[in-house]
Amino acid sequence: MVVTRGTVTSPSATRASALKAVVARASGRGDRLFKLLAAAAGSTIIAAILLIATFLLVRAIPALRVNRVNFFTSAEFDTTSATQLAFGIRDLFMVTVLSSVTALLMAVPVAVGIAIFLTQYAPKRLARPFAAMVDLLAAVPSIIFGLWGIFVLAPKLQPLAEFLNHNLGWFFLFKRGNVSLAGGGTIFTAAIVLSVMILPIITSVSREVFRQTPQIQMEAAQALGATKWEVVRITVLPFGRSGVVAASMLGLGRALGETVAVLIILRSAARAGSWSLFDGGYTFASKIASAASEFSEPLPTGAYISAGFALFVLTFIVNALARAIAGGKVNA
């Protein structure tokens, strides 16, 4: 027995209190350790991004200093001579943005429609295998999409491209481009292939977001006499808006960085593009990949790294715009 200021405490109670104190201290150390590990894991991403940006910038600056043309406005990209570098990203930016945004505009409505069908209309015995088939599409290698696009899809699209050019040629997107419509090696073909490639990404994320719509909200809408479409319109779509934006940005990121498929499909052009879907040329990624075997001299290599840095910055701008569009609530 232990007497403390008139209070009688048994040895077992004293041991229990001591044990609890030891457990509390151990738990506190465990929490601090876990917090430290979590912070380290989170800072790894930031450190990786900063290191990549620093590497690109350090390697690009020497080439930019000797560049003979304006980096942002010139369509020329000549790195044959290390002493006469002339490279700009105007056409690379045009082809990259035009193909990616067009692909996104084509893919998002279809992907959202598929996601709504799978979560709200399709019976479970059909929804599961159908969702698995959509997800499998993401596993198809890029080179397969490229070969399918240039050898199968492009010839089929040629009559449509000619129709659009003939009847809507007054609009800048459909006017005559800098490559021939024969063969289909245009931004138009590349955008359709890219839309198929990003479709499973947008569909999968949107499907999971729609599936999380609170059941009580849907039941309340039905109790008020809403039809199935009205339930989707006033509950499912508003709830999943930020998720759809996040899914779209993931798809756009894939389209912006796609290399092999676009390299196979797009035909090189002898003159600058004019923001037409029937232009050819290179995206940032395909231009870098096309010259990868020639990266031997620092300055010409730095020219392509400069293009890579521009693409790196472009992806950050796209994500910032996505957050602004979704009101700062972009999440998947």
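Begin by selecting the lining of the second largest pocket, which by class holds 8 nonpolar, 4 polar and 4 charged residues, where Ala, Val, Leu, Ile, Met, Phe, Trp, Tyr, Cys and Pro count as nonpolar, Asp, Glu, Lys and Arg as charged, and the others, Gly among them, as polar. What you have open is a predicted model, in which local features need pLDDT of at least 70 and side-chain atom pairs count only at pLDDT 80 or more, while totals for chains, interfaces and linings use all residues. Residues are numbered from 1 along each chain as its sequence is written, and side-chain values use heavy atoms, with hydrogens and water left out.

**The second largest pocket**

About 260 Å³ of space lies in this second largest pocket. Of the 16 residues that line the second largest pocket, those closest to its centre are Ala75, Asp91, Ala269, Tyr282 and Lys287. A pocket here is an open set of points, on a 1 Å grid over the protein atoms alone, where a 1.4 Å probe fits, with protein on both sides within 12 Å along at least five of seven lines, and lining residues have an atom within 4 Å of a point. Its volume is the space filled by probe spheres set on the points, which are joined across faces, edges and corners. Helix H2 gives the largest share of the lining of the second largest pocket, 3 residues; helices are DSSP runs (H or I, at least four residues), numbered from the N terminus.

**The largest pocket**

Next, select the largest pocket, whose volume is about 330 Å³. It is lined by 16 residues, of which Leu118, Thr119, Gln120, Lys124 and Arg211 are the closest to its centre. Helices H2 (90-121), H3 (124-137), H5 (187-211) and H6 (215-223) each supply at least two residues of this lining, and H3 gives the most, with 4 residues. By class, the lining of the largest pocket has 7 nonpolar, 5 polar and 4 charged residues.

**Salt bridges**

Side chains of opposite charge can pair when their charged atoms come close. A search of the whole structure finds 5 salt bridges, each being a side-chain nitrogen of Lys or Arg within 4 Å of a carboxyl oxygen of Asp or Glu. Select arginine 207 and aspartate 135, whose side chains meet in a salt bridge at 3.3 Å, N to O. This pair links distant parts of the chain, with arginine 207 in helix H5 and aspartate 135 in helix H3, 72 residues apart.

Arginine 207 is buried, because its relative accessible area is 7% and buried means under 20%, exposed over 50% and partly exposed in between, with a 1.4 Å probe and protein chains only. Aspartate 135, at 32%, is partly exposed. Asp135, Arg207, Glu208 and Arg211 are linked in a network of salt bridges.

Then move to glutamate 258 and arginine 254, which form a salt bridge with their closest N and O atoms 3.3 Å apart. Glutamate 258 is buried, with a relative accessible area of 6%, whereas arginine 254, at 24%, counts as partly exposed.

**A nonpolar patch**

Finally, select Ile143, Ile144, Leu147, Trp148, Phe151, Val152 and Val260, which make a nonpolar surface patch of about 620 Å². Helix H4 (residues 142-168) contributes the largest share of this patch, 6 residues. Residues of such a patch have over 30% relative accessible area and no salt bridge, with nonpolar side chains (Val, Leu, Ile, Met, Phe, Trp, Tyr) joined within 5 Å.

Note on methods. Patches are made of residues with over 30% relative accessible area and no salt bridge: like charges are joined within 9 Å, nonpolar side chains (Val, Leu, Ile, Met, Phe, Trp, Tyr) within 5 Å. Accessible areas come from the Shrake-Rupley method with a 1.4 Å probe; for residues, only the protein chains shown count as cover.
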